[in-house]
Amino acid sequence: MSFPPGTPTVTLVGTIPSAVAGTPFQGRVVLSPSAYLVDSTRNAVYPGGGSVMIANGTISVQILPCDAAGIQPTGWRWRVDIQPSNGGRRVTYWANITGTGTVDIADITPVPAPNGGPSGGSGGAVSSVNGKVGAVVLDASDVHADPEGTAAAAVVAHASATDPHGDRAVAASALAAHEADTTSVHGISNTATLETQSGAQAKADAAQTAAIASAALDATAKVAAHEADTTAVHGIADTALLETAAGATAKVATHAGAADPHGDRADAASKYQAKSAWIFDVTTYGALGNGKVASDAAMTSGSAVLTCSTSAPFTAGDVGKNVMVLGAGTSGETLVGTISAYTDSSHVTLSATAGSTISGVPAMWASDDTVAIQAAIDAAVAYAGTHSGAATVLIPPATNAFYGVAGALRTGGSTLGNAQLTLPVVAATARKLTLTIRGAHTGAGVQHWQQTVPNTTGSTLVSFGLFANATAQANSINAGGNPSVLGGPSQPGGYGVAPGNFSNLYVDIGDLSILTCHSKFGLTYTAIDLSGVANAQLRDGQTSTTGVVAPPAGSYVSPNVFATGLSIGILLPANGNNDCTILRNWTIGGGYTYGLLATEHTDIYGLRILYCWAALCPVGTYYSSVGAAHSINGSLISIEQCTYLVYVFGPGTGGLGPTVYLKIDTETSTPRFGDRTSGTGLAAARGEVVLAGLFTAAGLTLDNPTGLKIRNSQLTYPITTKTSNYTATSFDEHILADATSGAITITLPTAVGRTDPITVKKIDSSVNAVTIDGAGSETIDGQLTRRLDNQWDYATLVPSGSGWYIKAAPTATSWAERPSEQGLLTWTYDPNMAGHVTAQSNAGVAGRITLVKIPIREPITWSSIWFGLSGVDAGASLANCYLGVYDAAGNLKGTTADISSSLMSGATAKAVSLVTPFTAAPGTYFIAMLLNGTWTTNSLTFKASGAGVSVNAGLTAPNLRYSNLLTSQTSLPSSLTLSSQSTSIINTGWASQWYGVS
């Protein structure tokens, strides 16, 4: 509560260093007024004083001046009591503190107490008496006394006088007359009858003896009755149960000597720990923890006035504190400054002017505890170095909401880093030191989406550091390493770089929250940089910016904007570290460019990353570090509202790595993987990433090819079925292709970087082909495509880095020689199987149309028909000989000119052109041959399979593979009735000719 408006005040300030080595004095100053003060003008009373902590050897506090107008009684004074915290010598004195403005404690002169007495001090000797100094000797005149001996002489003279007062003779005469008078003395008519003194005494003695005897008997009886009565004595129901004095003493001794008399000491010992020499409490070093948060901040662009009308949280003591107001800076950045003036509990003036108009957003303000916290860290490391090798910095829950960290970055120098709070460098050749920095309660709780203030639960440090622009941030990184709130030595200082130089320090951070000033553009400080230390463990805590999710602030609506900056939530010990990096139950709450830079030897047991541009960043190489050779393991990582789930920093050692084994739970429609090195890092990455949660598998986006195995946990089985053209993703392992509705193409993912094989299988019985196509110009066993023609044909392909090789060969018929390998589009069968010839007389064949079925599995332009002429009859007479094509409905699709002349010479494979080429859709077709003329049997022959009665096994019209129709034909009719197919000349082998298509 502040003073009533208009109350006169004076600010008491001062610097109180220790007289030894000038170190900051620690303790408090207690101020007490000498009277009960009343301010009737302002309706206020002041019954007592208070205390102020001496922070780092300084004080500053507002008090009432002793000459304040309107405050009664007048003439009161302040009692000043300086109390050290280490039990040292106290100093107390009275002071008349007057005026306005500022009074330095060093300028105060002690005054006498208001009601007399010494002015105070520390109990020194009297300096003078009656103007005498030195060894003072007082005589009678100094104390207004008679000379020595005067009083003794007067007493002797008085005692020896016969009648010093002149009344002895009169008294003697009156006493004699009284003794002689026996009547009416004191109202007694005859005093002669009175008892003599001795007689009276005797009778009194007898009566007393009798009374004592009687009383004794009565008391003895009552005591006996009291002792015998065990009920309702002194309200005790049964006094027989009372313990004797000796018994009670024995039991108390037994209780006091017991190891655990109440049975709770073991439990308490496991939960509470007394402060020990190796625990360094930051409050002992002057940390105040007086940070406050308000959610109703309002400012107007161009004004420096901060208003919190509803919460009214300000006091006059807030002047000089550091302050940040979310979104009040230029372009919606956080406004950072100090409180320069206090108006009232709802209004203060800041040192910085708002660049944006805001309302209903958080404001945070605090004293700067940087120096005190750093002193505790330095003392802890120094203690560890000279004692057991370990020490703890304790950060208790703040007095208010948090500890302010507003100190400048300590760049280079002995720290060899770039942090507000620096971790001292420990030589690699020295004993490893363990520094634990812990709070009192877990800080891992996730900010609720309706929360209107940042998370400051438990022990929280809040940094006020912020860069003005991206250039300033980059310059700081290049000069000193990542600017951080808490950090060790960094890369420009020669740590965390090849060949592997690290500070020999194991840093254990737990039960702690570190918040950095929120930047709309990612220009805040890195929260924790441990890249230059050998080992680290982070547990039960959080790192986040001071933004909030809920409107109107909505600090994390678009994580893409954080890519402007280079901020990092946590940077773990660089690659080449000392093989002990653990992250357990930690939350990175958002606002960073990169959430976590994870390095080799990292084990993650429960991590949440929210609202960052790139969430998890496996490091292959970073800032001239050693290349990663060891793995990063994460058992459960929750990532939400981040542009990139995984973002790789460079390739590892030998061009391979980083190696990761991660289980990521996420909510996103576009799970995205990228890298910082134009694709080399993502391609070099190895291991497995399993995605779970609410994500869209089809939205998987790889900026570049990757060597990661990315698993889709949404699948019951790792199989997907496709009925149309499809480009496989990194999720795919087994693709079932159903070409029932038409030929389809399965395009493989790039083989670059991929390590998983992929299998494609045709599951339908149609004649439609399934074509497997490599990405771009990538080949499959040297060919651009492979085709699956028959049901259950499949191909298992393995990547080679630039193409694919077939690991498992399906049926021989599918993977025998292909038409494309001989320049053909398709054929009835492999010409190598045409080991026989037809042999029919002209009487049996002439004028008949013979048909051979041929499936077309993908769209083609049909221009020519190939056949094998194995025998020529030079004496033959041929005319009206044709080849043609019919579709499954029996319609003529194309025909050749008369081929009679082609049959008269050149026993070889021949191609004859269709008069009009046509586009053949996938489906069943029939090649028709019509011969007319005369020839010698077994002289005019064609290449055929030689199959006889079995060529149509299991088939009936209109689906016969080999058949004949009609007689006496001299040209190919425009249509055929395929249901009339016959085998009258087929079973002798005539119609099993080989044909090819081009």
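**Salt bridges in the predicted model**

Let me begin with one side chain in what is a predicted model: Arg786, at a relative accessibility of 11%, counts as buried, since the cut-off for that word is under 20%. Its partner is Glu821, with which Arg786 forms a salt bridge whose closest N and O atoms are 4.0 Å apart. Arg786 sits in strand β51, residues 785–788, while Glu821 belongs to the loop between β53 (804–808) and β54 (826–827), so this pair ties together parts of the chain that are 35 residues apart in sequence. Glu821, for its part, is partly exposed, with a relative accessible area of 32%.

The next pair is Arg857 with Asp789, a salt bridge in which the closest N and O atoms come to 3.5 Å. Here again distant parts of the chain are linked, because Arg857 lies in the loop between β56 (849–856) and β57 (860–871), whereas Asp789 lies in the loop between β51 and β52 (794–799), 68 residues away. Arg857 is buried, with a relative accessible area of 13%, and Asp789 counts as buried too, at 14% relative accessibility.

There is also a network to point out, in which salt bridges with shared partners join Glu688, Lys709, Arg711, Glu733 and Asp756.

Which residue forms a salt bridge with Asp764? That residue is Lys762, and the closest N and O atoms of the two are 2.8 Å apart. Asp764 is buried, its relative accessible area being 4%, and Lys762 is buried as well, with a value of 0%.

To place these pairs in context, the structure as a whole holds 14 salt bridges.

Note on methods: Residues numbered from 1 in each chain as written. Predicted model: local features only at pLDDT ≥ 70, side-chain atom pairs only at ≥ 80, totals over all residues. Heavy atoms only, no water. Salt bridge = Lys/Arg side-chain N within 4 Å of Asp/Glu carboxyl O. Buried < 20%, exposed > 50% of the residue type's maximum accessible area, 1.4 Å probe, protein only. Helix = DSSP H or I, 4+ residues; strand = E, 2+ residues; numbered from the N terminus.
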